Amino acid sequence: MRTMKKNGLKVGLLGLVFFLSNCGAYNFSGADIGTAQSFQVNFFQNYADQTPGSVIVPGLGRDFTLALQDMINNLTSLSLTGSNGDLLYEGEIVGYKIVPMTATSDQRTSQNRLTMTVNVRFYNTTKEDADFEKRFSFFYDFDAAAPLPSIQAAAHEEIFERLTQDIFNASLGNW
């Protein structure tokens, strides 16, 4: 009886190892990387000033590019490369604006909204029907009395997290 339990446990563990090893194209993030082995994220130029009401923030393109690289690197087993990646992300920042959201009874702004918009082109050399060009946008609301530099780090963290997650889901999400 004891031998049967040991053998059953061994067979169960062997089955689990076999199952997990055959799931190589998927991982726990839900990413479907197919046969891709590498990814490339080209620098996202900041063209926000070409959209009325938007402003240019120095370093924003670099920071967003790095955030997207980190997201993909942390959620997949793909290798980051500088050229000829199986998956290619490129695009530009096309909007970065602050607009008033709520007003007080004396017609003063009490809350502002910072919105960032990026245009993304995604190419999958291993699965061409997965290619797309799409805009992604997200916002951060803050007290109107707070100057932009005082909230910028927190705003960028929240906006980048959401934008990179949305881009990841659109390109590799298997939902």
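Buried, in these legends, means under 20% relative accessible area, while exposed means over 50% and partly exposed covers what falls in between, with a 1.4 Å probe and protein chains only.

The model shown here is predicted, so local features need pLDDT of at least 70 and side-chain atom pairs count only at pLDDT 80 or more, whereas totals for chains, interfaces and linings use all residues. Residues are numbered from 1 along each chain as its sequence is written, and side-chain values use heavy atoms, with hydrogens and water left out.

**View 1. The whole chain, to get your bearings.**
Welcome to a chain with 3 helices and 6 strands. Helices (H or I, at least four residues) and strands (E, at least two) are DSSP runs, numbered from the N terminus. Of its 175 residues, 37% count as buried. Contact, here and below, means heavy atoms within 4.5 Å. Among contacts with a separation of 6 or more, 69% are between residues 24 or more positions apart.

Helix α3 takes in residues 148-172, 25 residues in total. From first C-alpha to last, α3 reaches 33 Å, close to the 36 Å expected at 1.5 Å a residue. That expected span is 1.5 Å times one less than the number of residues in the helix. Look for Ala154, where a kink of about 35 degrees in α3 is centred. The bend at a residue is the angle between axes fitted to the seven residues ending there and the seven starting there. Which residues of α3 are buried? They are Ile151, Gln152, Ala155, His156, Ile159, Phe160, Leu163, Thr164, Ile167, Phe168, Ser171 and Leu172. Their cover includes α2 (60-75), β4 (87-103), β5 (109-124) and β6 (132-143).

**View 2. Helix α2 among its neighbours.**
The 16 residues of α2 should span 22 Å at 1.5 Å a residue, and the 23 Å between its end C-alpha atoms agrees with this. In α2, the buried residues are Leu60, Gly61, Phe64, Thr65, Ala67, Leu68, Gln69, Met71 and Ile72. These buried residues pack against β1, β2 (45-46), β3, β4, β5 and α3.

**View 3. Where α2 meets α3.**
Here the axes of the two helices, α2 and α3, come within 9 Å and cross at roughly 50 degrees. Axes are lines fitted to C-alpha atoms, for helices over the stretch in contact, and angles run from 0 to 180 degrees between N-to-C directions. α2 and α3 are therefore oblique to each other. Angles under 35 degrees count as roughly parallel, over 145 as roughly antiparallel, 65 to 115 as roughly perpendicular and the rest as oblique. On the α2 side, the contact is made by Leu60, Asp63, Phe64, Ala67, Leu68, Met71, Ile72 and Leu75. On the α3 side, His156, Phe160, Glu161, Leu163, Thr164, Gln165, Ile167 and Phe168 take part.

**View 4. Phe39 in strand β1.**
Phe39 sits in β1, the strand of residues 38-41. Is Phe39 buried or exposed? At 0% relative accessibility, Phe39 counts as buried. Leaving aside neighbours within four places in sequence, Phe39 is in contact with Gln69, Ile72, Asn73, Leu78, Ser79, Leu80, Thr81, Gly85 and Leu87. Thr76 is 37 residues away from Phe39 along the chain, and their C-alpha atoms are separated by 10.0 Å.

Start with Ala36, in the loop between α1 (2-21) and β1. Ala36 is buried, with a relative accessible area of 7%. Not counting residues up to four places away in sequence, Ala36 touches Leu78, Asp86, Leu87 and Thr126. Ser77 belongs to the loop between α2 and β3, and is exposed at a relative accessible area of 57%. Asn84 lies in the loop between β3 (79-80) and β4 and counts as exposed at 72% relative accessibility. The phi of Asn84 is near 55 degrees, a positive value in a residue other than glycine.

**View 5. Arg113 in strand β5.**
Our last stop is Arg113, found in β5. Arg113 and Tyr140 are 27 residues apart in sequence, with C-alpha atoms 5.6 Å apart in space. Beyond residues up to four places away in sequence, Arg113 touches Lys97, Ile98, Val99, Met101, Phe139, Tyr140, Asp141 and Phe142.
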